[in-house]
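This report describes the surroundings of a ligand, a helix beside it and several loop residues. The sequence and structure are shown first.

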Amino acid sequence: MPAPTHAPVSSEIPCLDLPDPEATERLGALFAEFAGPGDVLLLDGQIGAGKTHFARALIQTRLGVAEHVPSPTFTLVQTYEADCEIWHADLYRLTDPDEVLELGLDAAFDSAICLIEWPDRLGSAAPKGALRLRFEQTEDGAARRVCFETNTPLLRQVLEAWNG
Ligand SMILES: Nc1ncnc2c1ncn2[C@@H]1O[C@H](COP(=O)(O)OP(=O)(O)O)[C@@H](O)[C@H]1O
Ligand SMILES: [Mg+2]
């Protein structure tokens with residue numbers, strides 16, 4: 001795999017090139033290694049940007065088995081029991097931020113690893129210490145890149161391992 005690039009978006013927080021789906025999976029697996037209960041990953045990006053692909057790799061790695069991980073497009077939330085709970089949400093169809101409470105997401109933010117697609121739907125319910133990742137297609141659509149929009153201890157661990 002080619003060496004990752006380090007185009008900074010803000011001081012020292014890089015974007016990573018993800019040249020193929022395996023690179024997205026490798027990043028998901030690294031997050032699986034270092035994330036813990038209370039880590040909330042906000043997965044921004046357009047349809048097809050690779051959010052679900054990333055979340056699936058993270059979940060399967062943490063579960064330790066290749067369990068079927070469907071996109072939560074219609075269910076809004078799928079939960080998994082690894083050594084801790086993992087919540088995978090796709091909030092595209094959320095119409096009212098109050099539904100966040102109905103889904104129980106606010107409690108999960110504290111106790112689970114939470115992977116949230118379309119996190120803009122959370123409005124003010126987005127937890128403060130969350131890590132925001134923006135997935136993008138490259139211009140020709142063949143590859144992806146991810147930019148990190150906040151810095152957290154979890155991100156520093158993952159980047160160290162990615163570059164290691
Ligand atoms: N780094 C990558 N390079 C090329 N294709 C990728 C990469 N990462 C994921 N994909 C592909 O992008 C497609 C859409 O991904 P998906 O995760 O469903 O997008 P989203 O959840 O953002 O709508 C999948 O077919 C997946 O294999
Ligand atoms: Mg998706």
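The buried residues of α2 are Lys 51, Thr 52, His 53, Phe 54, Ala 55, Arg 56, Ala 57, Leu 58, Ile 59 and Gln 60. The model is a predicted one. Because 10 of the 13 residues of α2 are buried, the helix is largely enclosed by the rest of the structure. The cover over these buried residues includes the helix α1 and the strands β3 (40-44), β4 (77-81), β5 (85-90), β6 (113-117) and β7 (131-137).

In length, α2 reaches 18 Å from its first C-alpha to its last, close to the 18 Å expected for its 13 residues at 1.5 Å a residue. Just after the helix, Gly 64 adopts a positive phi of about 80°.

**Ligand 1**

The shell around ligand 1 holds 17 residues, of which Leu 18, Gly 50, Lys 51, Thr 52 and His 53 come nearest. Two elements, α1 (21-34) and α2 (51-63), each give two or more residues to this shell. Three of the nearest residues, Lys 51, Thr 52 and His 53, are also among the buried residues of α2.

**Loop residues**

| Residue | Phi | Loop | Other C-beta atoms within 10 Å |
|---|---|---|---|
| Trp 118 | about 55° | between β6 and β7 | 20 C-beta atoms |

Is Thr 95, by contrast, buried or exposed? With 8 C-beta neighbours inside 10 Å, Thr 95 counts as exposed, because the limit for that class is 12 or fewer. Thr 95 belongs to the loop between β5 and α3 (98-102). Thr 95 and Leu 122 are separated by 27 residues in sequence, and their C-alpha atoms are 9.9 Å apart in space.

Technical notes: Residues are numbered from 1 along each chain as its sequence is written. Chains are lettered from A and ligands numbered from 1 in the order in which they are written. This is a predicted model: local features need pLDDT of at least 70, side-chain atom pairs count only at pLDDT 80 or more; totals for chains, interfaces and linings use all residues. A residue is near a molecule or strand if its C-beta atom, placed from the backbone, lies within 6 Å of it. Helices (H or I, at least four residues) and strands (E, at least two) are DSSP runs, numbered from the N terminus. The expected span of a helix is 1.5 Å times one less than its number of residues. Two residues are in contact if their C-beta atoms, placed from the backbone, lie within 7 Å.
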